[in-house]
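Trainee: I have a model open and want to go through its architecture. Can we take it step by step?

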Amino acid sequence: MSSQFSLSNLRILLHPHYSINIFLSVFYVLLKQLIPKSYSSYIFLNNEITTQDTQVLLLLATIITIRGRKALTWLHYVDNVCKYSKMANCLLFYREQSYVSLIFYAVLCFLHFLFLATPEPTGKTNILYYRANNLDNEIQADPRLTWFVCFYAPWSPPCQNFASVFVDLATRFGDLKTFKFVKFDVNRYQAEGAKFKIDTSTFSKQLPTVALFQDGKEVKRRPQIDVKGRVLDKSHGKEVKRRPQIDVKGRVLDKSRLLTADYLINEFGAKFKIDTSTFSKQLPTVALFQDGKEVKRRPQIDVKGRVLDKSRLLTADYLINEFGLAEIYTREANKIKANNKKEQ
């Protein structure tokens with residue numbers, strides 16, 4: 001059963017977006033190994049994989065190891081590997097002084113980006129793609145409905161990577177008539193997106209934005225914004241307390257305070273559960289425990305111990321916990337059952 005499940009997952013790699021992306025990521029090595037030596041001298045200075053090539057490939061492996069920790073899903077990880085591999089390919093062509101091949105390769109990558117976008121999920125996903133300029137009115141029309149809306153732009157890589165996460169949430173919680181999971185293209189309907197204060201500029205940090213609406217009003221959104229539309233929670237939430245303290249200009253106030261265990265226990269009443277690996281992003285971690293249970297910690301982590309509030313990972317587990325999707329689903333399901341009993 002598990003092997004069938006794995007194979008069904010891997011079939012998506014046959015899609016032109018992924019298959020050509022993987023081909024482009026290994027293009028340099030394949031070209032150098034497979035091209036006849038009589039022709040390779042026209043393209044490469046050296047026919048074999050050189051020490052310089054190996055150094056670039058090792059650097060690539062290091063970057064993938066570090067950056068791969070931010071992947072939301074395994075497909076996001078594949079896209080990240082391909083992205084950094086294509087950058088390495090460009091560097092390798094440049095170091096070989098093969099400028100014509102570099103230009104040709106860059107054109108191929110650009111055409112792939114232009115015409116082979118990340119595929120949208122297929123099958124029943126319980127997602128409503130709202131295509132009109134009156135989403136705000138629709139939400140307010142029936143206050144009995146709960147809306148979980150993803151504001152996205154098709155050209156945005158973070159939105160493309162988040163698509164499978166939103167599908168996962170909609171599949172698990174979107175089968176109720178009163179709990180709607182909606183995707184809204186703010187690039188196409190920018191005027192409507194502006195009503196929700198969504199910034200659609202090239203360097204926007206608001207894409208994707210997920211928002212929860214109940215009783216016709218917005219209850220919560222991530223990332224949060226202030227009244228001017230500026231992103232507040234680049235780290236998934238407001239800072240509750242920090243040591244050492246800083247003033248408004250970022251200058252340290254309590255320089256004499258040492259972050260000793262006694263000081264932290266006195267300040268926060270905390271215990272520590274820390275990932276001590278080489279690339280850990282949990283050092284230092286400060287956690288608050290009350291009634292024998294953890295109440296808060298900084299940096300935040302998901303159920304798998306991955307840091308949430310440094311890399312702004314909108315994982316399914318984080319969103320379920322942050323928006324209380326499981327509780328909302330249970331409450332709406334109970335309402336439907338109660339209404340059905342009354343009708344009978």
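Trainee: What percentage of the residues of the protein count as buried?

Mentor: First, the ground rules. This is a predicted model, where local features need pLDDT of at least 70, side-chain atom pairs count only at pLDDT 80 or more, and totals for chains, interfaces and linings use all residues. Residues are numbered from 1 along each chain as its sequence is written, and side-chain values use heavy atoms, with hydrogens and water left out. Buried means under 20% relative accessible area, exposed over 50%, partly exposed in between (1.4 Å probe, protein chains only); of the 344 residues, the buried share is 40%.

Trainee: How many helices and strands are there in the protein?

Mentor: Helices (H or I, at least four residues) and strands (E, at least two) are DSSP runs, numbered from the N terminus. The count is 13 helices and seven strands.

Trainee: Which strands stand at the edges of the sheet?

Mentor: Two strands pair if DSSP finds at least two bridges between them. The open sheet has five strands in the order β1-β3-β2-β4-β5, with mixed pairing. Each edge strand has a single partner, so one side of it is left without a neighbour in the sheet. The edge strands are β1 (127–130) and β5 (217–222).

Trainee: In which sense do β4 and β5 pair?

Mentor: Five bridges join β4 and β5. Their sense is antiparallel.

Trainee: What distance apart are the end C-alpha atoms of α13?

Mentor: Helix α13 covers residues 325–343, 19 residues in total. The expected span is 1.5 Å times one less than the number of residues. That gives 27 Å, which agrees with the distance in the model: 27 Å.

Trainee: Within what arc do the buried residues of α13 fall?

Mentor: The buried residues are Leu 325, Ile 328, Glu 332 and Ala 333. On the other side, Lys 337, Lys 341 and Lys 342 are exposed. The arc is that of the directions from the helix axis to the C-beta atoms. Seen down the axis of α13, the buried residues line one face of the helix, because they fall within an arc of 130°.

Trainee: How are α12 and α13 oriented to each other?

Mentor: Axes are lines fitted to C-alpha atoms, for helices over the stretch in contact (heavy atoms within 4.5 Å); angles run from 0 to 180 degrees between N-to-C directions. α12 and α13 pack at about 60°, with axes 5 Å apart. Under 35 degrees counts as roughly parallel, over 145 as roughly antiparallel, 65 to 115 as roughly perpendicular, and the rest as oblique. α12 and α13 are therefore oblique.
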